[in-house]
Amino acid sequence: MSETLNTQKPRIDGALKLSGGADYTADINLDGQLYGYPVGSAIASGELEGLELEEALGMPGVVDIFHHDNFDSTLKHSPNSFAEKNTVSEPRLPFEDTTIHYHGQYIALVVADTFEHARAAAQNVKGKYRANDQVTSQLDELDADNVAGLPGVLQEGDGQSRGEADAAYENAEVTLDHHYSIATETHAAMELHASTATWSGDHLTVYESTQGVVFQRHALSHVFSMPPEQINVISHFIGSGFGGKLFMWPHAIMTAVASRRLKRPVKTVVPRQSVFTSAGSRPRSMQRVRLGARADGTLTSIRHDGSNETAFVGMHNDTVISATPSMYACENVAVTNRVGEVNHGMPCPMRAPGEAPGLFALETAMDELAWQLEMDPVELRKKNFAERDPASDLPWSSNHLIECWDNAAKRFGWENRTAEIGAMREGDEIIGYGMASQSWEAMRLQCSARVTFLADGRLQVSCGTQDIGTGTYTIVAQTASELSGVPIEDIDVRLGDSSLPSGPLSGGSFATATVLPAVKAALDAATQALIDKVTQDGQAFSDVDSESIELNDRALTYGDRSIPVTTLLEELGIGQVTAEASAEPGDEKNDYSFRSFGAVFVEVRWDPGISRLKVERIVSTIDIGRAINPMTARNQVEGGLVMGLGMALFEQTEYDKSGYLYNANLADYIVPVHADIPPIDVELLDYPDYHLNAFGARGVGEIGLTGIAAAISNAVYHATGKRIRDLPISIERLLMAN
Amino acid sequence: MADATLDATVGHVDPNDTSSLQTMELTVNGQTHTLTLEPNVVLLDALRERLNLTGAKKGCDHGQCGACTVLIDGRAMNSCLLLAALAEGQEITTIEGLADEDGTLHPIQQAFLEHDAYQCGYCTAGQMMMATSILNDKDIAKDPASIKEAMSGNICRCGAYKNILDAVQSAHRTIEGA
């Protein structure tokens, strides 16, 4: 293997991030900028009858207040198309009508000369409401089998059902039928959403904390009826997003309109409370899983009926059943997902959407089946290993799930598990072991990139994707270095700017598999452009067949002749050679099914005397193809496991009966902190998946968060005998369970 | 960084209403700045919006996340909970002042780099300032449980906690060995 790829490299943006020099959106201060501060609705359902603005307008420093009656009536909806790269999170335009759909819905934007003035005035903007008696929640009494009569949308799982699941269930030797639920969760990225807009003539520049500069540019283009070329969206550094920053939110439109009207840059940093109410969540989901099996553990029927809440302002199907058809060899599978509206803010994808909630239900059900069958949970899964993807009936491109189960079990010491509940003890603590399978679909999309040979020997690589903390800057540099021979410290990587060649969202774990082939294509194109120049008459390689010239170790070589690129540029008398190129997937999806798999094992400790539950250690073995940078890749998996620990034990976005979101802050919405973190052992298998791309990488962002919540709940059962099917497993829930 | 910096004393207060303004001297990373601010300006916003020292981050504005942690006379504090005027006369250290003047990274910065003790980098300044404040405490910095307890006010939503712990312990060994 090469020196640069599949090698642990410190991040090339590390020095900036460690010195305070990385420019996150809210760090950008423009000359003459004003400050926006949003005002959110105090009610969740009803009508906004008016605003009391006089006091706020008279407060120091206030420049203007934007709201329904004075907002820009020329705005248009974005078509909200993923294919056309103009998806928005909340399709409704800000202040579009006076109906209140959720608590925190923006009813005004105060703009003032300082942050303090804007905030003070915003606190004095009062809405006059006519509240509906109660919020509407179509799923309030939901369990997944009684939603059929609701007006929610029925989603049969894209034809992924097969066989006769219901008939097979009726005839099964062993059956299981359970309901599961997961509370609403919030991404709670550390960086607050933020947008700074500035206009120069008919050009708009937006500094935004976004996982998709290209998507936001296209969405703004539709909203403002402007050609995309007149809009630039910049996001050099992002304080992560976890899906919450994939698509544009209303604050960006409000800010751009305010800037245009006031002819000044406007910077809006969304307050934390508004990030909770008005910038996305993983919606509450309810699931029912029915399994049928033979006494030897062979699955004969899987029926997985899911549902999730969405908002009245937009449709979000969280597809919690997405992994189920592919997980196990079973001839009879049926999956459905239904969606019902509720007076909450718009949900959106949150890290491992579908798979994380869906595998909680399925992998908990598998554990329950193992107990019913008196089988080892690992053996039950092995018994049902799918040799090819049973959903598509295609061979796996690469699948090492059995090795994941075996390796993780060995590292964990699974053989020490006793098959009785509560039998393993140490001191006052009862020990529980649990495990689950992990999975995430591998995807690759179209991507463009540009590579430039510079006269000083440096190589510049540009792509309109972004680095949300996953390490994209670094793996792009590693790749360019590997292919060109230019040392990694001499590679300049430019990302996070929509004027660069169109790159993908930072989401879905597809950025690596998507971007790196484009980097290679652009480097090849730039190399060819250089070769074309140096093979012309009078140039260094004019006597040579251009197809025999290669780029090796920062030089063009032909046989024994090797001339550094810098020398060639000097002889040519030009400062640089640049080329742009695109790469896209071929028809490999017709031939193979692409999925990453893993296995996660967890030990929990339950101290009944003081009612303390803690995760003692986590072991995970993951098959993600090739890791371009094992150090940053492992960090991704560990981060996913940590977020899954939060999903299992702590996280719930809480609404009261009036729809008021009452824990909209980082003290009451509980996320894992240092003290919660057990030793984590992550093993990355190294089986390059060359069917997906030439680098063998399948991506790594989501998979760590799948399966872990089930592994924890399964371990809790092993320790306590209490089967908690509703997340989070709060202490109250555990104590009240039978 | 942004192309332009803000004037530290004018332009961000209402020129027509100077009645409540206070002039104060803040010593940040060894440099003294004279600021004229309204009394409700917190240190974090003074650093970020007036002095363009944007290394300290705003993650909650409520003292709940630790992203804004700076050192006040060597003690870690949430700069979003401290009025700027109350920091007068004290040594304020931000992430911008952690490395040596010649650019040599502080041992905690070097350890964070080597252990990949971050992902998005947004909480990182706060994590490092908190870590710096406990590095000299022999009891805390030796024992992983004590480090985790002391650092639990600094949320890392990316979940790089394992590497942060490794980095803090590594930096402690570096400093002890020095």
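View 1. Strands β1 (residues 22-28) and β2 (residues 31-37) of chain B pair in the antiparallel sense over 7 bridges. Helices (H or I, at least four residues) and strands (E, at least two) are DSSP runs, numbered from the N terminus. Two strands pair if DSSP finds at least two bridges between them. B:V28 stands opposite B:Q31 in β2(B). The hairpin has 2 residues between its strands, and B:N29 takes a positive phi near 50 degrees. This is a predicted model: local features need pLDDT of at least 70, side-chain atom pairs count only at pLDDT 80 or more, and totals for chains, interfaces and linings use all residues. Residues are numbered from 1 along each chain as its sequence is written, while chains are lettered from A and ligands numbered from 1 in the order in which they are written.

**View 2. The open sheet of chain B.** Here 5 strands run in the order β2-β1-β5-β3-β4, with mixed pairing. β2 and β4 (75-78) of chain B each have a single partner strand, so one side of each lacks a neighbour in the sheet. From one strand to the next, the twist averages 40 degrees. (Axes are lines fitted to C-alpha atoms, for helices over the stretch in contact; angles run from 0 to 180 degrees between N-to-C directions.)

**View 3. A helix across β3 and β4 of chain B.** Strand β3 (residues 69-72) of chain B pairs with β4(B) in the antiparallel sense over 4 bridges. B:V70 has B:M77 in β4(B) as its bridge partner. Helix α3 (residues 124-135) of chain B lies across both strands, at about 35 degrees to β3(B). Contact means C-beta atoms, placed from the backbone, within 7 Å.

**View 4. The open sheet of chain A.** The order of its 7 strands is β3-β5-β1-β12-β9-β10-β11, and the pairing is mixed. At the edges are β3 (62-66) and β11 (231-234) of chain A, each pairing on one side only. Neighbouring strands are turned by 20 degrees against each other on average, direction ignored.

**View 5. The largest nonpolar core.** Such a core is a set of buried Ala, Val, Leu, Ile, Met, Phe, Trp, Tyr and Cys residues joined through C-beta atoms within 7 Å. Buried means 20 or more other C-beta atoms within 10 Å of a residue's own; exposed means 12 or fewer, and partly exposed lies in between. Of the 283 residues here, A:V110 and A:I712 touch the most other members. Helix α13 (residues 511-534) of chain A gives the largest share, 13 residues.

Conventions: Contact = placed C-beta atoms within 7 Å.
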